[in-house]
Amino acid sequence: MVPQEKREAFRAILSGKDVIKPGSVYDPISARIAEDVGFELGLFGGSAASLTILGDPDLLLITLSELAEQVRRICRAGNIPVLVDADHGYGNALNVRRMVQELEAAGAAGLTIEDTLLPQAYGQAKPQVISIDEGVGKMKAALSGRSDLSLVIVGRTGAAAITNIEDAVARAKAYETTGVDALFFTGLKTRAELQAIAAATKLPIIMGSADGELADTAFLASQRVRVANQGHAPIAAATQAVYQTLKELRDGTSPKNLKGLPSSELTNRVMRDAAVKARIAEFLGLKK
C-alpha cells in the first residue's frame with residue numbers, strides 16, 4: 001500500500017461514524033503486529049518516540065531528523081496508516097512547515113501539531129500554551145508544507161487541562177478556520193467539556209484519552225469523536241519483557257528454559273519470512 005492509500009484509509013476513519021482505538025506502535029515490528037491483529041490505525045506517540053529513540057522521558061530531546069527516520073522505518077514496514085505525534089513542530093511556524101515535509105516524505109498518514117509551549121520554559125514547572133495567533137500560524141504553515149493533500153493535518157490543544165475549557169473551545173474554533181482536517185484534544189475529563197467542544201466545531205475529533213465518564217464509545221461517536229487513544233501499553237509491555245528476559249539470563253537461566261518467548265511461527269510472520277523467501281527464489285534463482 002502506497003502512502004496515499006494509507007492516508008485515504010485514515011481519512012475514511014475520520015469521515016465515518018464509529019470510534020476506533022488505534023494501536024500504539026514504535027518500531028517496524030510493533031507496526032506489523034498492530035496490522036496483523038486488526039488495528040485500523042497506528043499511533044506513534046511522542047513519549048514512545050522518546051523512549052524508543054533515546055531511552056529518555058518525554059521531554060522533547062529528540063530531533064526532527066531522528067523522528068522522521070523512525071517514522072520512515074515504521075511506515076515502510078507494512079500497510080497500517082500511522083498517525084504521528086509531531087509535538088510542537090520542532091520550532092516556530094517555519095520549522096512546522098519543514099517538519100510536515102519531512103514526515104510526509106517518511107510516509108506518515110497524518111500528524112498532530114500542538115500548541116503547548118515546548119520545550120519547557122525556564123523557571124516554569126507547569127505546562128504552558130502559546131498564543132492562539134501563534135497556534136494559528138503553525139496550522140497554516142503545516143497546511144502550506146504538505147504536497148500530498150491526502151496527508152491528514154491535525155490541530156491539537158491541551159488547553160482544557162492547562163488553562164480552561166473556554167480557551168480550548170476558542171483555540172479549536174481558530175484552528176478549524178485554517179483548514180486543518182481534524183482536532184485533537186488532551187485533558188478533557190467530562191461529558192460537558194466534550195459537548196462544548198463538539199457544539200462549537202464541525203471537524204472530526206481525536207481524543208488523547210477517553211476514561212471515566214468519557215469511556216462510553218456510543219457517546220463519543222455522537223460527539224464526532226472518531227479516534228480515542230488508549231495510551232502506550234505495548235512499549236511498556238516490551239520494556240518489561242526485555243528486562244525480565246535479560247535478568248533471567250544474567251541470573252543463570254538457560255536460554256532454552258526462558259518463558260514468554262515468541263514461537264518461530266510468530267517470529268517468521270512478523271519478519272514476513274514467506275514473502276522474503278519468495279523474493280529470494282524469484283530474484284536470486286534459489287529455491288524457497
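A residue counts as buried under 20% relative accessible area, as exposed over 50%, and as partly exposed in between, with a 1.4 Å probe and protein chains only. By that definition Asp-85 is buried, because its relative accessible area is 10%.

A word on the source. This is a predicted model, where local features need pLDDT of at least 70, side-chain atom pairs count only at pLDDT 80 or more, and totals for chains, interfaces and linings use all residues. Residues are numbered from 1 along each chain as its sequence is written, and side-chain values use heavy atoms, leaving out hydrogens and water.

Asp-85 lies in strand E3, residues 82-85; strands here are DSSP runs of at least two residues, helices of at least four. Leaving aside residues up to four places away in sequence, the contacts of Asp-85 include Phe-44, Leu-67 and Arg-156, a contact being heavy atoms within 4.5 Å.

Now the sheet. Strands of a sheet pair through backbone hydrogen bonds, either parallel or antiparallel. Here eight strands form an open sheet in the order E1-E2-E3-E4-E5-E6-E7-E8, with parallel pairing; two strands pair if DSSP finds at least two bridges between them. The edge strands, E1 (23-24) and E8 (225-228), each pair on one side only.

How many bridges join strand E2 to E3? Three, and the two strands run parallel. Gly-42 stands opposite Val-82 in E3. Helix H4, residues 64-76, packs on the sheet and touches E2 and E3.

Methods:
Axes are lines fitted to C-alpha atoms, for helices over the stretch in contact, and angles run from 0 to 180 degrees between N-to-C directions.
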